[in-house]
Amino acid sequence: MAQIIWRWIDRNILELGREVRLSYLPPLMVYMAAGISSLTGIVGTFFVKDYLNLSVAFLAALSFWVVIPWSLKMVLGHLIDLLWRWKRALLFLGALLIAASLLIMIGLIGDRESMAAVMSVESWYVLSALLSPVGYVLQDAVADAMTVEAVPRVEDDGQLIDPERRKLMHTTMQTLGRVAIIGGSVFVAVINLYVFAGVQQLDEAQKVEKYLQVYLVSMAIPLISVLGVVLAAVLQARAQKKLLARGMTKEQAHALLTGDIEPTKPNWVILGGSLVFVAFTMTMGLTQMPYGQEIIFVGSMGIVTFLISRLTRDLDPQMRSTLVGTAIVIFVFRAIPSPGPGVTWWMIDELKFDQHFFSILSLIASTLSLLGMFIFRRFMAERSIAYVVGTLTIFGTLLSLPTIGMFYGLHHWTSAMTGGIVDARFIALVDAALESPLGQVAMIPMLAWIARSAPENLKATYFAVMASFTNLALSLSQLGTKYLNQIFTVTREVRNPASGVVEVAANYTSLGSILAASILIGLTLPFLAILFVKLTRFRTA
């Protein structure tokens, strides 16, 4: 038995560690910075709840706009392929936008009155919320292409690496990318545990000071990503120096390191379509037409679908049907509406979960997600995406039941039956522990497939266009969340910070209906998508 366990650990965990190369580190640093971005998540939740009079529907609508920059990844990806020599400048620009977003929040928490004198606190918050994703999507588009560059073509002695081995290395690189993101969130959870220890004993002014400390520490996020691209330049120069020392010319060394890749030519269909997409989105957003978000989604979906059809027409039919089928299943899986922030507010107000307990939940979720990447590594590699998504859908549905159960009093019954052991916090901890490994699993097979199969000179473009398509699913998810919260209204208590007068009363009576609708939709739609792919000419990777 011990030998079987050791063999499993060696195959699923230690083997991945043996495959790590120093060249993988630069994009992993950018991805880790993205994971660390969740450092401000808990602070942001309590800041919005306690200090901003924004409804659930408005926040869901804002989330729609926050996701839109990720849908612009297609134009960024192709521009990065065209301007690859300037990738460092693009990553620096992303870092500046992220820093600007964080500085706005530092100003709102540290000197709210001065910020409010320029424009409303809510407007500042919206600006910060929109700047941040633009910076992250810019960096992510560069990092995606860097993952392809990070997989070496030659050994240190100049010998070409076998193509089959490079395929495995691409899968390893994409897995490590998700590991880096989750690893960043583990680091964040540990920091939050330390910062929010004993938060119950703090008065409001001391809590605000803690919030400010978190945002000040988060200024390290853009710095980490910048260091990643600097390290990439150092490693590339070192590898070239080794080849030069073996008697190669500069041109020969460069050709071996980068491969025989034909220069990327501008794809005017992609660039033109992307410009139409940007102009369409901005025009509809600024004119504030009725159903503007819905029109933007439908128009964006049409444009992105058209671009995908033009981009993939040069692929062989089998590869094209695999790409399209995979994208459909992933799209539907990611488009499932969530209950919205009302669930978190209810946990804060009714279950009395505080910042420290949310930090514990975050640590458990992040740590087990990281472990799950290793546990499910072979599962992801050996099963189709349809099988993976179907499995995740079933488990996700089962693990959503404890939350709706607690809304209807499950924790009172379990607490009474177990002498207070299995209370609301116990149920939340177990649920987070079981659910956490599932979140990142579905995307890895598709990312690895793109890294292996896309044309060498269009890697960033393929990553970006497919990311735009799947990120549009998140926009649809936010629209669904908005609809649920418009049909079933949920409000939390909002007090005037100066007078303490209650401006909005708490009302969570409709939350159960929102949770039930979300669970039912989340169980049904992914299986309908899988059935559609199975019954048509499409396939999944």
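Start by selecting R425 and F357: R425 lies over the face of the F357 ring, 4.6 Å from the ring centre. Keep in mind as you look around that this is a predicted model.

The structure holds five aromatic pairs, and we will visit some of them. A pair of aromatic rings is described by the distance of the centres and the angle of the planes.

Select F196 and Y211 next. Their ring centres are 6.3 Å apart and their planes stand at 65 degrees; angles over 60 count as edge-to-face, so this pair is edge-to-face. Where does each partner sit in the chain? F196 is in the loop between α9 (163–195) and α10 (204–217), while Y211 belongs to helix α10, so the pair ties together parts that are 15 residues apart in sequence.

Then move on to W346 and F407. The centres of these rings are 5.7 Å apart and the planes are at 55 degrees, so the pair is tilted. W346 lies in helix α16 (residues 342–349) and F407 in helix α19 (residues 385–407), so this contact ties together parts that are 61 residues apart in sequence. Are these two residues buried or exposed? W346 counts as buried at 5% relative accessibility, and F407 is buried with a relative accessible area of 19%; under 20% counts as buried.

Conventions
Residues numbered from 1 in each chain as written. Predicted model: local features only at pLDDT ≥ 70, side-chain atom pairs only at ≥ 80, totals over all residues. Heavy atoms only, no water. Phe/Tyr/Trp six-rings, centres within 6.5 Å; stacked < 30°, edge-to-face > 60°. Helix = DSSP H or I, 4+ residues; strand = E, 2+ residues; numbered from the N terminus. Buried < 20%, exposed > 50% of the residue type's maximum accessible area, 1.4 Å probe, protein only. Lys NZ or Arg CZ within 6 Å of the ring centre and 35° of its normal.
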